[in-house]
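Take a look at the protein below.

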Amino acid sequence: MTITKPTTDRRLEPATVRRSLRYTAPILVAVVLFVAADSLGLALANQLSSLLLLAALAMAWNIVSGFGGQFSLAHSIFVGVGGYTAAVLLDYFDLPLILVFLLAGGVSAVGGVVLAYPMLRLRGPYFAIGTLGLALAVMGWMLNWEFTRASQGYPIPAGDMVDLTTLFRIAVTLALLTLVATLVVMDVPLGLRLLALRDNEDGAASLGVRRLRTLVPAWALSAFLTGAMGAVVALQNGHLTPNSAFSIQYTLDAVVICVIGGLGTVYGPVIGAVIVFSLRQYTADFAGWATLIEAVVVILVVRLMPDGAVGLLDRLRGVIRARRGARPASGRRRDLTAPVGDDEVASMEGQRNG
């Protein structure tokens, strides 16, 4: 009696391959951009840095508002806190840039947790209005605080400024880390709880999903990434004022980008950032009409593509698959090596006799 060992299929499952590609594909793109930074012109490097920072901001906001369903209008606070934290650290301490960015994000995360507990007790439109009022209140406080130097601004020390190529590499790294953080959140139980709260908060609560325990970590992560983005923006501009650092325009940019790209999707903020940035480049010559054109585009997207660009791509992919599935059988080639079934034999005989 011979015992045969069972053969094991070493091929990877399609789901495993797709999951690995979700991480490896953006890493490969980031590596290519990182290596190609030296070949870019300074103007192009600066523009791409701004694009990547917009994408990072939108992805960070999307964690709380897209996946968590909490429409925050207070993320401009974290941009300003991160920027001023970086400026102070560079002014008073001799620290490496990587540590400055981490500390700027950490201070923003702590501030986010402090603000999250009172704000997250609000629901729906009350939460949005509450966060908007909080953002305006913080901006008013910063304008009247002597430490921020109001209209005079807070300059970044000249010795700590970096060239545009290095800044581009920093922006690539930040955008990649933000995207990977989003993917990790969606692959761990925290992401499932966020989606459950967004889709049906009462049903999620009945299953044991606690609102604060779920949203506070997501809020802290979003604030950390936004604060790090604010630190990079401060380094890019070289000068900070309360009006610019705590501008509500940062939050509006995140909202517009996510709505156009696809709210609550992983790559929607990236696609939306490319669309919005390109639109602003083309409408730069129409200074008086640029905002109106952007508003019209947003209205058309909400009306015609409520799921954004990602939703449109998904529908197009579904149409293509449906057409492939509906292809007539006569147009397909038959595998001559495949066995012929009884039904096919009867059909061929009927066609021949007919």
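Which residues of helix H4 are buried? They are Val 100, Phe 101, Ala 104, Gly 105, Ser 108, Ala 109, Gly 112, Ala 116 and Met 119. Keep in mind that this is a predicted model. Look at the numbers in that list. An α-helix has 3.6 residues a turn, so residues three or four places apart point the same way. Now find what lies over these residues. The cover for the buried residues of H4 includes helix H3 (75–92), helix H5 (124–143), helix H6 (164–187) and helix H9 (211–237). H4 itself runs over residues 97–119, which makes 23 residues. From first C-alpha to last, H4 reaches 32 Å, close to the 33 Å expected at 1.5 Å a residue.

Next, turn to helix H11, residues 249–261. H11 has 13 residues and reaches 18 Å, close to the 18 Å expected. Ten of those 13 residues are buried, so H11 is largely enclosed by the rest of the structure. Among the buried ones are Tyr 250, Asp 253, Val 256, Ile 257 and Cys 258.

Now move to the surface. Phe 286, Trp 289, Leu 292, Val 296, Leu 300 and Leu 304 make a nonpolar patch of about 630 Å² there. Is Trp 289 buried or exposed? Its relative accessibility is 54%, and exposed means over 50%. Trp 289 therefore counts as exposed. Find this residue in the loop between helix H12 (268–282) and helix H13 (290–304).

Step back to the whole chain. The protein chain has 15 helices and two strands. Of its 354 residues, 41% are buried. The chain exposes about 20100 Å², and carbon and sulfur atoms supply 64% of that area. What about contacts along the sequence? Take those between residues at least 6 apart in sequence: 80% of them join residues at least 24 apart.

Finally, consider the confidence of the prediction. The chain averages a pLDDT of 84, and 86% of the residues score at least 70. Two stretches call for care. Over residues 4–10, pLDDT stays under 50, and the model has zero contacts beyond four places in sequence for them. Over residues 329–338, pLDDT also stays under 50. For that stretch, the model has six contacts beyond four places in sequence.

Methods
Residues numbered from 1 in each chain as written. Predicted model: local features only at pLDDT ≥ 70, side-chain atom pairs only at ≥ 80, totals over all residues. Heavy atoms only, no water. pLDDT = per-residue confidence, 0-100. Contact = heavy atoms within 4.5 Å. Helix = DSSP H or I, 4+ residues; strand = E, 2+ residues; numbered from the N terminus. Expected span 1.5 Å × (residues − 1). Buried < 20%, exposed > 50% of the residue type's maximum accessible area, 1.4 Å probe, protein only. Patch = residues over 30% accessible without salt bridge, like charges linked within 9 Å, V, L, I, M, F, W, Y side chains within 5 Å. Areas by Shrake-Rupley, 256 points an atom, 1.4 Å probe, with all protein chains shown as cover. Salt bridge = Lys/Arg side-chain N within 4 Å of Asp/Glu carboxyl O.
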